[in-house]
Amino acid sequence: MDEVNSEVLFKKGAEASLFLGNWHGKRVVIKRRLSKKYRPDKLDLAIRTYRTVHEPQLMHEAKVAGVPTPAVFMVDVQTSTIIMEFIEGYQVKRALDGFSQSERHKVCFKIGSLIGKLHLHDLIHGDLTTSNMILTSYSNVFFLDFGLGEKSSELEARGVDLHLLKRALESTHFKVAEECFQSVLQGYREVVGAVAAEELLEKIREIERRGRYVTERKNS
Ligand SMILES: Nc1ncnc2c1ncn2[C@@H]1O[C@H](COP(=O)(O)OP(=O)(O)O)[C@@H](O)[C@H]1O
Ligand SMILES: [Mg+2]
């Protein structure tokens with residue numbers, strides 16, 4: 001870790017602190033998972049270690065699937081730290097609202113096709129929000145934050161993954177959420193095919209029905 005120069009805190013999330021730094025002449029992001037006082041020490045270390053090791057593994061598998069993710073330069077389990085490439089661009093969350101309809105369609109279609117590639121390789125992102133995607137100047141989209149991801153071939157896991165994105169769009173971009181999600185689905189369909197896409201859509205409807213049922217039960 002001595003090789004890192006000029007660490008500057010740039011994001012403090014619920015789970016990790018992110019620093020910008022310089023590592024062997026490269027601009028890097030240093031993601032350090034923080035100890036949680038409410039967790040027993042042993043469990044805390046086990047969770048941080050697991051996610052620190054697991055996240056770069058999934059980022060690598062995503063690359064193999066054809067989904068851009070930052071290059072990982074170093075993993076230090078002792079300090080729960082990952083050093084990775086800094087991706088120049090805008091969080092999709094920030095970029096989306098200033099876009100025209102056709103630009104939004106293009107980006108959301110792209111996002112859908114990338115999710116399709118992940119799912120075709122049994123990769124579940126686990127936290128598909130527009131904060132975890134960076135749009136670069138070449139209209140490429142990088143996916144970040146695989147700490148909650150998993151390998152699964154279950155339709156349920158794919159459904160929950162995309163349902164989470166739908167909910168995230170509704171809460172952060174509610175005026176254009178429906179339109180964006182339709183574009184995501186189109187991109188997804190292009191990669192996985194019409195049958196698999198329809199199957200997934202039906203699964204999402206089922207997840208939504210379950211959600212409504214639970215809410216009604218709670219309220220009655
Ligand atoms: N490699 C990276 N390049 C550029 N920005 C990044 C990179 N990694 C993280 N970020 C920025 O930091 C934010 C938080 O990082 P993330 O990995 O999502 O951590 P958290 O688990 O706290 O959400 C991201 O939403 C993104 O804006
Ligand atoms: Mg995140």
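Biologist: What makes β2 and β3 a hairpin, and which residue in the turn has a positive phi?

Modeller: β2 and β3 form a hairpin with 2 residues between them, and histidine 24 in the turn has a positive phi of about 50 degrees. The names follow DSSP runs numbered from the N terminus, where helices are H or I of at least four residues and strands are E of at least two. This is a predicted model, in which local features need pLDDT of at least 70 and side-chain atom pairs count only at pLDDT 80 or more, while totals for chains, interfaces and linings use all residues. Residues are numbered from 1 along each chain as its sequence is written, and chains are lettered from A and ligands numbered from 1 in the order in which they are written.

Biologist: How do you know that β2 and β3 are paired, and how many bridges join them?

Modeller: Two strands pair if DSSP finds at least two bridges between them, and here 8 bridges join β2 (residues 16-23) to β3 (residues 26-33), which run antiparallel. Within that pairing, leucine 20 has valine 29 as its bridge partner, and asparagine 22 has arginine 27.

Biologist: Why are β6 and β9 called edge strands?

Modeller: The open sheet has 3 strands in the order β6-β8-β9, with antiparallel pairing. β6 (90-91) and β9 (141-143) each have a single partner strand, so one side of each is left without a neighbour in the sheet, and they stand at its edges. β6 pairs with β8 (residues 133-135) over 2 bridges, and tyrosine 90 has leucine 135 as its bridge partner. Helix α3 (residues 101-120) packs on this sheet, touching β8 and β9, and its direction makes about 40 degrees with that of β9. Contact here means C-beta atoms, placed from the backbone, within 7 Å, and the angle, on a scale from 0 to 180 degrees, is taken between N-to-C directions of lines fitted to C-alpha atoms, for helices over the stretch in contact.

Biologist: What makes a residue part of the shell around ligand 1, and which are the closest?

Modeller: A residue is near a molecule if its C-beta atom, placed from the backbone, lies within 6 Å of it. Around ligand 1 there are 19 residues, and the closest are Gly13, Val29, Pro70, Ile87 and Asp145. The elements that give two or more residues to this shell are β2, β3 and β5 (81-85). The shell draws at least three residues from each of domain 1 (4-85) and domain 2 (90-219), domain bounds being taken from an automatic or database assignment.

Biologist: How far apart are the centres of domain 1 and domain 2, and how many residues make the contact?

Modeller: Their centres, taken over C-alpha atoms, are separated by 24 Å. The contact takes 13 residues from domain 1 and 14 residues from domain 2.

Note on methods:
Two residues are in contact if their C-beta atoms, placed from the backbone, lie within 7 Å.
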